[in-house]
Structure formats: structure tokens, C-alpha cells
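Have a look at the structure first, and then we'll go through its sheet, its charged pairs and its greasy parts.

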Amino acid sequence: MQTKRLNAALAEELQLTQKPSSQVKAAKQIVHLGLGAFHRAHQAVYTEQANGLSQDNWSIIGVSLRSPTVRDQLVPQDSLYSVIETDVMGNTHNVISVIKDVLVAPENPAAVLTAMAQSNTEIVSLTITEKGYCHDPASGNLDKNNTDIQADLAQLSSPKTAIGFLVSSLKARYEQNLAPFTVLCCDNLPSNGKTLGKIVVQFAQLIDPKLAQWIKTKVPFPNTMVDRIVPATTEADINEFTEQAGYQDLAMVKTERFSQWVIEDNFVASRPDWEKVGVSLVVDVEPFENAKLRLLNGAHSSLAYLGYLRGYDYVHQVMQDKDLASFLKNMMQNEIIPTIEAPEGMDLIAYSNELLQRFSNPALNHRTYQIAMDGSQKMPQRLLHTIEDKLAQDGSLDSLCFAVAGWLRYTMGFDLKGDPIEVQDPLANELLKIQQDNAGDIDKLVDGYLNFDKVFSTTLKNSDVFKTKLKHYLGMILVNGVEQSLQTLLAE
């Protein structure tokens with residue numbers, strides 16, 4: 001007998017939701033660009049919970065900017081899916097019903113623009129990963145040479161990028177004299193709302209300066225900080241859930257129990273009552289953002305590159321390596337924390353210790369390779385800005401430099417056994433060419449990297465201290481590998 005698949009009728013029969021999605025009639029909606037696992041385990045969960053405690057009823061129209069995979073998982077399930085929270089104590093799961101529909105942008109960009117231009121769309125949110133912003137991570141400016149950006153500038157009525165969709169839909173609202181929507185960035189960019197606003201205005205300026213001015217003065221881009229570890233769902237996860245639940249859910253997501261969301265309270269219209277379900281609405285997000293980007297994300301990237309090169313597939317395996325765990329704790333507490341102004345009431349040492357415990361969760365099976373993706377887009381905000389602050393403080397930065405050296409070694413495209421690595425990064429070919437052009441000469445190699453201004457700032461390029469340490473640790477890793485080099489670093 002074939003296992004039933006989750007849908008609205010089954011959810012009602014099993015009393016999995018209070019309001020299956022087929023029964024939800026929401027007056028207000030959010031259009032979300034980038035309907036991946038993180039959004040479904042984070043912002044969608046908060047919105048579902050807020051609906052349960054509010055007279056307002058919000059729904060989400062999810063948009064995939066690339067493939068139909070998520071649509072094909074969700075739509076046959078009436079857009080219902082399960083969120084499984086897991087740790088060593090076991091699992092709990094809830095069925096989420098807040099998503100109303102899923103659109104696939106490449107198949108029908110007009111449908112996406114129509115949804116975004118509707119008057120009841122009061123928020124457009126994004127989780128599109130760092131590379132989706134088509135910007136230069138070092139400067140934060142729009143990458144005008146990006147081929148998809150150029151295509152959107154030429155044909156804005158059928159955009160390919162999130163930036164194109166935002167400007168095209170805002171242009172429609174501007175021309176129809178409709179109120180704008182709030183643009184809510186939920187990705188790990190520094191000052192993410194401010195950064196996105198800058199990119200959108202720069203793009204709009206190339207279309208119509210009056211539109212650009214309207215966006216600049218009328219459209220809010222609140223800064224946010226999001227925090228929840230959400231690994232990619234595997235076939236084994238789905239099979240295990242099917243066996244336990246008695247029905248199949250191809251759209252399920254697995255996550256840790258911890259979740260946090262901090263939002264700058266700056267909205268042009270209404271919003272869900274997120275504060276009723278634990279979201280912090282604040283005046284200034286930056287202290288929270290710096291703590292999270294530098295401690296969680298910076299440490300996550302560091303352990304991903306060094307751990308992968310050491311042969312570890314999962315984050316919890318990295319944390320079982322005493323040398324790597326000691327390295328991370330030293331980097332976080334002795335090098336990163338001195339660069340952070342703690343948010344009121346936050347103990348940064350306690351926060352860093354909590355992060356180390358979260359990384360050690362064996363139930364998540366979070367792959368180092370997944371975290372290692374798109375490093376060129378992540379390194380500035382996760383590690384390099386911290387190093388700039390350490391240079392200004394004249395403080396210790398050896399562990400930070402060792403982590404950057406680990407990333408550069410990873411981008412060379414082969415592991416410590418000499419086997420090839422498929423480096424998934426939009427700048428992978430350019431980084432590989434630097435290595436190939438300068439292989440065998442560590443001075444020229446590091447100079448080549450530091451002259452790569454898509455990643456490294458002028459401050460770092462001109463720093464003799466940073467250059468010397470990067471040469472030292474990259475050279476050490478190239479000759480001795482990660483394990484022996486790490487032991488040498490810890491002994492220094």
C-alpha cells in the first residue's frame with residue numbers, strides 16, 4: 001500500500017494544523033523571494049505562529065528564482081510542510097500552513113511581478129544567499145557587469161534577478177500611484193537592509209532617476225538579523241520522517257530548536273505581530289548583526305573550510321576534533337569578541353559558548369561542504385571586516401588569518417590527498433586562475449589574492465601585517481596540511 005503524501009485533507013483528518021492552507025483567506029500577504037529551507041524553517045514559522053495570536057491573517061506567496069524543485073515539492077501538498085526540530089533529546093515537528101502559493105520566476109516572471117504589485121502585498125522578503133544580490137561584496141555596490149543585471153536593465157518587464165524583480169514591481173506601483181511595500185532582507189549581509197536599498201537604488205538610477213528618488217525616500221529597507229541553523233534536507237531525512245509519521249512529506253525541513261530574529265522596526269504599512277512570538281523589533285540591529293555575523297557565521301565558515309580539508313563531512317565531527325574546537329574557541333573569544341560592541345544584556349562569552357554547543361549538535365548532520373559554498377561572497381562580512389577592525393586595534397589576529405588561509409587553500413580545487421574539489425562559488429574560476437598563475441611562489445600568490453578587489457579591500461591589500469601573516473599560514477598549510485599547521489598555531 002502506497003504511503004499517503006501530506007496534503008490539506010490529510011492534515012485536517014489527522015488534525016495537524018488548525019487551519020489547513022486551503023481554508024486560509026488572508027487579507028494581507030508577503031511575497032518571499034528565495035523559498036529555500038531557511039525561510040521555511042524561520043520566517044514562515046514566525047508568521048504562522050503570529051497568525052495564531054492575532055486577528056490579522058497573513059499569507060506568503062513563495063517565489064523560486066531558479067528551479068521548480070520547491071514548487072514541485074510544495075504544491076502537490078497544498079503548500080503544507082513539516083518543520084522538524086531536532087537535538088540529542090529527540091525530535092518535535094509542526095506542520096506549517098502559511099504559504100499560499102509557489103511561483104517559479106523563470107517559468108512566469110509576469111506572475112511574480114503581478115503578485116508583488118498587488119495592493120495587499122505589504123512586504124517583500126528575501127533569502128536568496130549572498131550571491132543573489134549581484135553586488136561586489138567588498139564595496140557593497142551593484143555589479144553592473146553581471147550578465148543577469150545587464151539583461152534586466154535591457155528588459156525589465158521580464159527580470160531574472162531579485163534586484164530586477166524589486167525594481168520592476170516598485171516601478172509598477174510608482175506609476176500606478178500605489179503605496180510601496182517594505183523590502184525585508186533576511187540574508188547574511190552587513191547592514192543587510194541598508195545594503196540592499198543601496199543596490200536597488202543604484203539599479204533604479206539606471207532605469208529612471210525619478211523612480212530611484214521615489215524608492216530612496218519612500219521604500220523602507222529594514223535591517224535584520226536572522227539566526228537558525230538549517231541543513232539541507234536529505235532523502236534519508238525524508239525516509240526517516242515517513243517511517244515515524246506514517247505519511248510522506250517531500251517538502252519537510254529539519255532544523256535546530258534555537259531560533260532568533262531581530263528586525264529594525266521600520267515598515268511602510270502593517271506587518272505580522274511577530275513580536276508576540278519572540279521576534280525582537282528594535283531601533284538598531286547592528287550590534288546583534290555584528291555579534292551573529294562575526295561569531296556564528298565567521299566561525300561556521302572557518303570550521304567548514306578547515307574541517308572539510310581535514311576530511312570531516314559534518315560540523316559536529318569538526319567539533320569532536322579537539323584541536324579544531326580549541327582553535328574556534330580561541331578565535332571567537334580572543335580575536336572576534338574584542339571587535340564587537342555587545343547588544344544590551346548580551347554576554348558575548350556565554351553566546352560564543354552556546355554557539356560551540358549548537359555546532360556540536362549531532363542530530364543536524366550539517367555538511368561542511370554546504371557551508372563552504374560561495375565563500376567569496378561571505379568572507380568580507382564573516383571574517384575580513386573583523387580583521388580590518390583587529391588591525392585598527394593592533395590586536396592579535398593569527399587565528400583569523402589562519403581561517404582565511406584555509407579558505408584560499410580550499411579554493412584551489414583539490415583536497416589534501418590531491419583529489420579534486422568542486423568549488424561552488426561565482427568567482428571560483430577567477431580564484432583558481434590566481435593560484436594557477438602564481439603556483440610555487442607564495443609571495444606572488446598572496447599578492448595575487450590581495451589584488452583581487454572583488455573580495456579584498458584596499459585596507460587589507462595595503463596591510464603588511466595581514467599580508468605577512470597570510471603568507472605564513474597559507475604557506476604552512478600548503479606544505480604541512482591543516483592538521484600539523486593547526487597544531488603549530490596552537491603551540492605558538
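Is D87 buried, partly exposed or exposed? D87 is partly exposed, with a relative accessible area of 22%; here buried means under 20% relative accessible area, exposed over 50% and partly exposed in between, using a 1.4 Å probe and protein chains only.

## Ground rules

This is a predicted model, where local features need pLDDT of at least 70 and side-chain atom pairs count only at pLDDT 80 or more, while totals for chains, interfaces and linings use all residues. Residues are numbered from 1 along each chain as its sequence is written, and side-chain values use heavy atoms, leaving out hydrogens and water.

## A three-stranded sheet

Let's start with an open sheet of 3 strands, ordered β4-β3-β9 with mixed pairing. Strands pair if DSSP finds at least two bridges between them; helices (H or I, at least four residues) and strands (E, at least two) are DSSP runs numbered from the N terminus. β4 (90-96) and β9 (253-255) sit at the edges with a single partner strand each, so one side of each has no neighbour in the sheet. On average, neighbouring strands of this sheet are turned by 25 degrees against each other, direction ignored.

β3 (residues 81-87) pairs with β4 in the antiparallel sense over 7 bridges, and D87 has G90 in β4 as its bridge partner. Helix α3 (residues 43-52) lies across β3 and β4, at about 65 degrees to β4. For these angles, axes are lines fitted to C-alpha atoms (for helices, over the stretch in contact), and the range is 0 to 180 degrees between N-to-C directions.

## Charged pairs

The structure holds 23 salt bridges, each a side-chain nitrogen of Lys or Arg within 4 Å of a carboxyl oxygen of Asp or Glu. One of them joins R257 and D87 at 2.8 Å, N to O. R257 is in the loop between β9 and β10 (260-264) and D87 is in strand β3, 170 residues apart. R257 is partly exposed at 33%. E85, D87, R228 and R257 are linked in a network of salt bridges.

D227 and R358 form another salt bridge, with their closest N and O atoms 2.8 Å apart. That pair links strand β8 (residues 224-227) to helix α14 (residues 348-359), 131 residues apart. D227 is buried, with a relative accessible area of 1%, and R358 is buried too, at 8%.

## Nonpolar cores

A nonpolar core is a set of buried Ala, Val, Leu, Ile, Met, Phe, Trp, Tyr and Cys residues joined through side-chain atoms within 4.5 Å. The largest one has 69 residues, and those touching the most other members are L295, F327, F359, V404, Y449, F456 and F466. Apart from it lies another core, of 41 residues, including L113 and I199.

Leaving aside neighbours within four places in sequence, F359 is in contact (heavy atoms within 4.5 Å) with residues including I229, L296, H300 and M319.

## Aromatic pairs

There are 12 aromatic pairs. Rings of Phe, Tyr and Trp (its six-membered ring) pair if their centres lie within 6.5 Å; planes under 30 degrees apart count as stacked, over 60 as edge-to-face and the rest as tilted. Y308 and Y410 are edge-to-face, at 5.6 Å centre to centre and 85 degrees between the planes. Y308 is partly exposed at 23%, whereas Y410 is buried at 2%. Y46, W261, F267 and W274 form one aromatic cluster.
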